[in-house]
Amino acid sequence: MAVLHRALFTWFNFLIFLILLVLRLDQRIQWNWFIVFMPMWIHDNILLIYIIFHMISHCKNGPNRIILTLRIKPWYIVIAVLLKMSAQILICLKLEVPQWQISAKAVLAPYLVLFSALAVDVFFDLIISSRLTL
């Protein structure tokens with residue numbers, strides 16, 4: 001898939017999700033929150049499948065310095081997508097079953113872990129890139 005097709009597919013899924021979200025929040029539809037989030041989950045699952053196939057194709061090749069970095073970075077993306085999906089499930093549970101009284105901190109905890117890990121990764125990448133330029 002070309003980059004343009006991936007970008008258009010992502011924007012299309014996001015547009016469908018926003019339309020369903022607005023309809024649900026405006027109470028024009030009374031669908032389950034899990035159905036409203038379905039375009040995001042479809043996109044995340046397709047992204048996971050694409051990353052796994054990409055990782056398998058790179059693991060088939062022999063050991064190489066570039067390939068070793070390519071074996072590590074996709075795992076970051078897989079973990080990020082799984083954290084995003086778990087946060088979406090928690091959001092749907094909080095909205096769909098209010099009697100469970102899930103706290104907002106518990107719902108947003110996967111995002112906190114995700115953003116903290118991303119900040120640390122960017123920080124270390126900046127340090128490594130600044131050492132290489134010196």
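The following legends describe an overall view and several close-up views of a predicted model.

Figure 1. The predicted model contains five helices and zero strands. Along the sequence, these elements follow the pattern α-α-α-α-α. The protein has 134 residues, of which 24% count as buried. It exposes about 9,900 Å², and carbon and sulfur atoms supply 75% of that area. Among contacts between residues at least 6 apart in sequence, 53% join residues at least 24 apart.

**Figure 2. Close-up of helices α1 and α3.** Two packed helices are described by the angle between their axes and the distance between the axes. Helix α1 spans residues 3-25, and helix α3 spans residues 38-59. The axes of α1 and α3 come within 8 Å and cross at roughly 155°. Because angles over 145 degrees count as roughly antiparallel, α1 and α3 are roughly antiparallel to each other.

**Figure 3. Close-up of the residues that join α1 to α3.** The axes of the two helices shown, α1 and α3, cross at roughly 155°. On the α1 side, the contact is made by R6, F9, T10, N13, F14, I16, F17 and L20. On the α3 side, the contributing residues are P39, M40, H43, I46 and Y50. By class, this contact of α1 with α3 has nine nonpolar, three polar and one charged residues.

Figure 4. H43 lies in helix α3, which covers residues 38-59. The relative accessibility of H43 is 17%, and H43 therefore counts as buried, since the cut-off for a buried residue is under 20%. When neighbours within four places in sequence are left aside, H43 is in contact with F9, T10 and N13. F9, T10 and N13 are among the α1 residues that make the contact with α3, and H43 is one of the α3 residues in that contact.

Figure 5. A87 is located in helix α4, which comprises residues 65-96. A87 counts as buried because its relative accessibility is 0%, the cut-off being under 20%. Apart from neighbours within four places in sequence, A87 is in contact with V107, P110 and Y111.

**Figure 6. Close-up of the pair A87 and P110.** A87 and P110 stand 23 residues apart along the chain. Their C-alpha atoms are separated by 5.6 Å. P110 is one of the residues in contact with A87, together with V107 and Y111, when neighbours within four places in sequence are left aside.

Note on methods
Residues numbered from 1 in each chain as written. Predicted model: local features only at pLDDT ≥ 70, side-chain atom pairs only at ≥ 80, totals over all residues. Heavy atoms only, no water. Helix = DSSP H or I, 4+ residues; strand = E, 2+ residues; numbered from the N terminus. Buried < 20%, exposed > 50% of the residue type's maximum accessible area, 1.4 Å probe, protein only. Contact = heavy atoms within 4.5 Å. Axes fitted to C-alpha atoms, helices over the stretch in contact; angles between N-to-C directions. Parallel < 35°, antiparallel > 145°, perpendicular 65-115°, else oblique. Nonpolar A, V, L, I, M, F, W, Y, C, P; charged D, E, K, R; others polar. Areas by Shrake-Rupley, 256 points an atom, 1.4 Å probe, with all protein chains shown as cover.
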